[in-house]
Amino acid sequence: AEANKEHLADLVVRAVKGIAQSVDGKTKVNIQNIKIEKRIGNSSNNSELIEGIVLDKERVHSQMPKVVENARIALLDSSLEIKNTEIDAKIQITDPSQLNAFLEQEERSLREMVEKIKQSGANVLFCQKGIDDLAQHFLAKAGIFAARRVKKSDMEKLSQATAANIVGNWRELSSEDLGFAGIVKEELIANEEMIFVEHCKNPKAMTLLVHGGTDHVAEEIRRAVTDALGDLAAALSDGKVVAGAGAVEVELALALKRYSTTFSGREQLAVQAFAEAMEVIPRTLAENAGLDPIDILTKLRFDHQQQKKWFG
């Protein structure tokens, strides 16, 4: 991450600028609009910013299209499966025709579910719960791209990005509930399939796809990028920044030492002690970084005396 920090910083800035909005002359940044996905196997330099939503999912059936342009998206918060009854029920089948009738009824129910989705005009389906194997087959035959067991938080992001309504019952689905994206595609990223939903109705949806050689590295980069997003969002919202790495404390210590000269006796010693206490922070940071704290503090004091107040 250290080697590619400039690249990652550029992605973070582009992401935040992409979702920032001006409201009553103030900058508003909702970092919930930026999703972070990590991938293991490549260098952090391969990290990229996608204008849209990326899901760590794959389509449920290989016969489904890999790419859907002008996607009309249905979001379903229920399963496309035959539900078990809540009470223990026993079905007694005494001859083969009864078994066939039972299986045909199951097939009819699943076909009806898929037909309803097709009638709505949807060509992409994101389901928060399960999709029966037979329903997967019918969806593939209908040319519908589908993914299952999508996280609730991702469903909400998809809803926001595509303007689709999350529907709780497949029977209630209509064309008015559908969202839109310019393209929905499945791609192989670092040996794993991912789904990209791009060119959405709401362009304020972004995904940062961060890469790392190992799980530990990828997680560290994800954490660093999350912190950077929060810092940048706060800076833009407040319109002010504070220098880090002990810069503030050294500047304060310098000002306090100057201020102490306006006193005599014990008060002067008290203010000087407070100034020295401030310098504990850059001293500790230097020690933790494996640097000589005396050399670092001496240089910092000199820099700040030269009006270099941002130096840390």
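Strands β3 and β12 (residues 206-212) pair in the parallel sense over 7 bridges; strands are DSSP runs of E of at least two residues, numbered from the N terminus, and two of them pair if DSSP finds at least two bridges between them. The model is predicted, so local features need pLDDT of at least 70 and side-chain atom pairs count only at pLDDT 80 or more, while totals for chains, interfaces and linings use all residues. Residues are numbered from 1 along each chain as its sequence is written, and side-chain values use heavy atoms, with hydrogens and water left out.

Both strands belong to an open sheet of 3 strands in the order β3-β12-β4, with mixed pairing. The edges are β3 (34-40) and β4 (48-50), each pairing on one side only. From one strand to the next the twist averages 25 degrees. Ile 40 is opposite Gly 212 of β12. Helix α1 (residues 5-19) lies across β3, β4 and β12, at about 170 degrees to β12; helices are DSSP runs of H or I of at least four residues, and angles run from 0 to 180 degrees between N-to-C directions of axes fitted to C-alpha atoms, for helices over the stretch in contact (heavy atoms within 4.5 Å).

A nonpolar core is a set of buried Ala, Val, Leu, Ile, Met, Phe, Trp, Tyr and Cys residues joined through side-chain atoms within 4.5 Å, where buried means under 20% relative accessible area (1.4 Å probe, protein chains only). The largest has 23 residues. Leu 80, among those with the most contacts inside this core, touches residues including Leu 110, Ile 117 and Trp 170, not counting residues up to four places away in sequence.

Note on methods:
Buried means under 20% relative accessible area, exposed over 50%, partly exposed in between (1.4 Å probe, protein chains only).
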